[in-house]
Amino acid sequence: MRHKPIKSLGQNFLVDQNIRRKIITALDLKPADIVFEIGAGRGELTGLIAPNVERLFALEIDRRLYSLLIERLKIYSNLTLINRDILKCDLNKILEENKIESEVKVFGNIPYYISSPIIELLINQRGVVKEVFITVQKEFAKRVVALPGSKEYGSFSCFVQYYAIPEILFQINRGCFYPLPKVDSCFLRLRFRKKPAVSVKNEELLFKVIRAAFNQRRKTLKNTLKGKVQSEKLAEFFLKNNLNSNIRAEELSLAEFADLVNSLN
């Protein structure tokens with residue numbers, strides 16, 4: 001199946017068979033699994049997943065590829081191909097329409113430029129998602145799993161880790177793709193938590209404070225939160241947690257951000 005990659009869709013096809021095998025192993029597929037694939041591409045992995053699960057929903061935005069996939073994968077009666085943009089998908093509705101009641105595994109080799117929106121969409125639909133396995137840019141993956149004190153740690157790290165346990169399973173060299181991307185990739189797993197990582201009274205305020213805190217990384221927390229958090233409240237927080245008053249956002253853990261926000265209420 002020949003297909004010229006479309007740059008505007010961020011198409012980079014995985015052509016390395018060893019990496020394909022590693023991905024299938026990592027997915028740990030079970031006969032009862034319901035899988036939702038983002039970006040079926042040319043169908044190589046779709047064809048490896050379908051025989052090993054109860055049901056597979058494969059999303060492909062490219063109409064030309066979608067037409068080719070229908071013909072190539074028609075032997076799999078448990079496969080449903082969907083020609084749609086993932087960012088316009090309601091996973092809950094798709095599962096409801098197909099009378100699927102169990103949680104799903106989500107898998108995808110996703111375009112780098114929409115990695116954040118896709119993860120945010122899946123977090124918002126986490127009630128029906130058991131695990132997420134996605135190929136993302138290496139630097140992006142490092143941001144997702146970053147811990148306090150590292151240069152990669154930021155507001156997105158906190159956002160993802162509040163709802164999920166992220167883990168980099170393995171690295172994928174750029175040479176494993178066609179066309180050759182400019183960066184290396186990582187295979188990332190997200191396991192959604194049954195309840196958030198920390199207890200907070202106001203989630204909206206938590207993320208508002210976190211975004212403001214990381215908005216100007218080189219500034220101290222008391223400067224980035226100026227006008228958003230009362231200086232007296234911030235001073236009390238520093239004293240209570242025995243923190244230096246010149247601390248920066250990247251030195252604060254998610255639990256400490258939650259403690260700060262809870263103290264504001």
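**Close-up views of a predicted model**

**View 1. Q125 sits in the loop between α5 (115-124) and β6 (129-137)**. The model is a predicted one. Q125 has a relative accessible area of 11% and is therefore buried, the cut-off being under 20%. A polar atom of the Q125 side chain lies 2.6 Å from the backbone nitrogen of L91. Leaving aside residues up to four places away in sequence, the residues that Q125 touches are C89, D90, L91 and N92.

**View 2. C89, a residue touched by Q125**. The relative accessibility of C89 is 7%, so C89 counts as buried.

**View 3. C186 and the cysteine sulfur nearest to it, that of C176**. A disulfide is a covalent bond between the sulfur atoms of two cysteines. With a cut-off of 2.5 Å between cysteine sulfur atoms, the count of disulfides comes to zero. C186 is in no disulfide, and the sulfur of C176 is 12 Å away. C186 is buried, with 4% relative accessible area.

**View 4. The largest pocket, with a volume of about 530 Å³**. Its lining is made up of 33 residues. Nearest the centre of the largest pocket lie I38, G39, E60, N109 and P111. At least two lining residues come from each of β1 (13-14), β2 (34-38), α2 (44-49) and β5 (104-109).

**View 5. Residue classes in the lining of the largest pocket**. The lining holds 19 nonpolar residues, together with seven polar and seven charged ones.

Definitions and conventions: Residues numbered from 1 in each chain as written. Predicted model: local features only at pLDDT ≥ 70, side-chain atom pairs only at ≥ 80, totals over all residues. Heavy atoms only, no water. 1 Å grid on protein atoms, 1.4 Å probe; cavity = no way out; pocket = protein on both sides within 12 Å on 5 of 7 lines; lining within 4 Å. Points joined across faces, edges and corners; volume = space filled by probe spheres on them. Helix = DSSP H or I, 4+ residues; strand = E, 2+ residues; numbered from the N terminus. Nonpolar A, V, L, I, M, F, W, Y, C, P; charged D, E, K, R; others polar. Buried < 20%, exposed > 50% of the residue type's maximum accessible area, 1.4 Å probe, protein only. Polar contact = N/O pair within 3.5 Å; in protein donor to acceptor, adjacent residues only side chain to side chain. Contact = heavy atoms within 4.5 Å.
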